[in-house]
Amino acid sequence: MNEVSHRRIKTNRIWVHIAEQGRGPLVLLLHGFPEIWYSWRHQISFLANHGYHVVAPDLRGYGDSDSPLSPSSYTFMHYVGDIIGLLDHLGEQQAFVVGHDVGAAIAWHLSLFRPERVKASINLGVAYFDRNPNAKLGESLIRTFGDGFYISQFQEPGRAERTFARYDYLTVIKKFLLITQTDNLIAPPGMEIIDYLETPSRLPPWITEEELQVYADKFQESGFTGALNYYRALDLNWELTAPWQGSKIRVPVKFMVGENDIGFDINGIRQYIEGNVFRNLIPDLEVVMLDGHHYLQQEKHHQVSEEILSFLAKFPPE
């Protein structure tokens, strides 16, 4: 298996597309928004060449995977069920799980719900927070950041899709993947977030026009609704995760974040991941901060690949 191969498998009552390469211990790579398996293109070949079976799915709602219509089909229970079904299909009891952004949130909850299926986890960009028993997440974000906050706007069915449609797909992808601002993604009053985000006039050196077009072409086929439905299930997730209130992550974790990530300093994320609460929730934890922005596995792909490999090497095959 010298090249990336593709197939679709049936899991948890949907068809999921996976890209895979290599042989050895299984490593799952879970992408974020607005991405597809292709976000891990650098890590797939790198890890495969170092003796791992690397599998990068398109999450439900994305790319060549199925997109159920109802937002209620995009809870953490559904995503975790997809991953468990994928592991079963591959005949693997455990896997290393690497997640970024939405994929990191899914990886955290996979480790929370089914720790016996996770050998170790590496998460990028989105930290783990215990469930707040007093406020639903979606409602809390709207109260805290207002209607201009991107997640606030994403929660209303159809709203983001209508505003995204004012631009071509490549421009929408550029507005998100090339974000360099470090404050919160909050549009001014009366403005939609997609109009507020800038379109860079020049590309950074870590990505090409052709690579960005891969994302644009795929979202032109699938649309954005499936990807956005993750955000529309936030309050339902809050209800479903009540039994895990106060629970700890009981698998080894490496957490990576860019020091220029969105809201990293302004929201107190730096203090949180360096403090005792985060470490108490995740007793077996390493934290790595890199000089980068949100899409670290692409912007700093050499460093991220090496950080992943060095962590995996701590768990030799039994």
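Glu-161 and Arg-232 are both buried, where buried means under 20% relative accessible area, exposed over 50% and partly exposed in between (1.4 Å probe, protein chains only). These two residues form a salt bridge, with the closest N and O atoms 2.8 Å apart. Glu-161 lies in helix H6 (residues 159–164) and Arg-232 in helix H10, so the bridge ties together parts that are 71 residues apart in sequence. This is a predicted model, in which local features need pLDDT of at least 70 and side-chain atom pairs count only at pLDDT 80 or more, while totals for chains, interfaces and linings use all residues. Residues are numbered from 1 along each chain as its sequence is written, and side-chain values use heavy atoms, with hydrogens and water left out.

**Salt bridges**

- Side chains of opposite charge can pair when their charged atoms come close.
- The structure holds 20 salt bridges, each being a side-chain nitrogen of Lys or Arg within 4 Å of a carboxyl oxygen of Asp or Glu.
- Arg-8 pairs with Asp-66, and the closest N and O atoms are 3.6 Å apart.
- That bridge links distant parts of the chain, 58 residues apart: Arg-8 is in strand E1 (residues 5–11), and Asp-66 is in the loop between strand E4 (53–57) and helix H2 (76–90).
- Helices (H or I, at least four residues) and strands (E, at least two) are DSSP runs, numbered from the N terminus.
- Both partners count as partly exposed, Arg-8 with a relative accessible area of 41% and Asp-66 at 25%.
- Glu-286 bridges to Lys-314, with the closest N and O atoms 2.2 Å apart.
- Glu-286 lies in strand E8 (residues 285–290) and Lys-314 in the segment after helix H15 (301–312), so this pair ties together parts that are 28 residues apart in sequence.
- Glu-286 is partly exposed, at 25% relative accessibility.

**Aromatic rings**

- A pair of aromatic rings is described by the distance of the centres and the angle of the planes.
- There are 31 aromatic pairs, counted when rings of Phe, Tyr and Trp (its six-membered ring) have centres within 6.5 Å; planes under 30 degrees apart are stacked, over 60 edge-to-face and the rest tilted.
- The ring centres of Phe-96 and Phe-315 are 6.0 Å apart and the planes stand at 55°, so this pair is tilted.
- Phe-96 sits in strand E5 (residues 95–100) and Phe-315 in the segment after H15, 219 residues apart.
- Phe-96 is buried, with a relative accessible area of 2%.
- Phe-164 and Phe-224 make an edge-to-face pair, 5.1 Å centre to centre with 90° between the planes.
- This second pair also links distant parts of the chain: Phe-164 belongs to helix H6, and Phe-224 to the loop between helix H9 (209–222) and H10, 60 residues apart.
- Phe-164 is buried at 3% relative accessible area, and Phe-224 is buried at 7%.

**Charges over rings**

- The charged end of Arg-131 sits over the ring of Trp-238, 4.2 Å from its centre; the rule is that NZ of Lys or CZ of Arg is within 6 Å of the ring centre and within 35 degrees of the ring normal.
- The charged end of Lys-175 sits over the ring of Tyr-167, 4.7 Å from its centre.

**Pockets**

- On a 1 Å grid over the protein atoms alone, a pocket is an open set of points with protein on both sides within 12 Å along at least five of seven lines, a cavity is a set where a 1.4 Å probe fits but cannot get out, and lining residues have an atom within 4 Å of a point.
- The largest pocket holds about 1,400 Å³ of space, a volume being the space filled by probe spheres set on grid points joined across faces, edges and corners.
- Its lining has 49 residues, and Val-126, Phe-129, Leu-137, Leu-141 and Ile-151 lie nearest the centre.
- Elements giving two or more residues to that lining include helix H4 (137–145), helix H5 (150–154) and helix H10 (225–232).
- About 170 Å³ lies in the second largest pocket, whose lining includes Lys-174, Lys-175, Tyr-196 and Pro-200.

**Cavity**

- The structure holds one cavity of 30 Å³ or more, and the largest cavity has a volume of about 60 Å³.
- Helix H2 gives the most to the lining of the largest cavity, with four residues.
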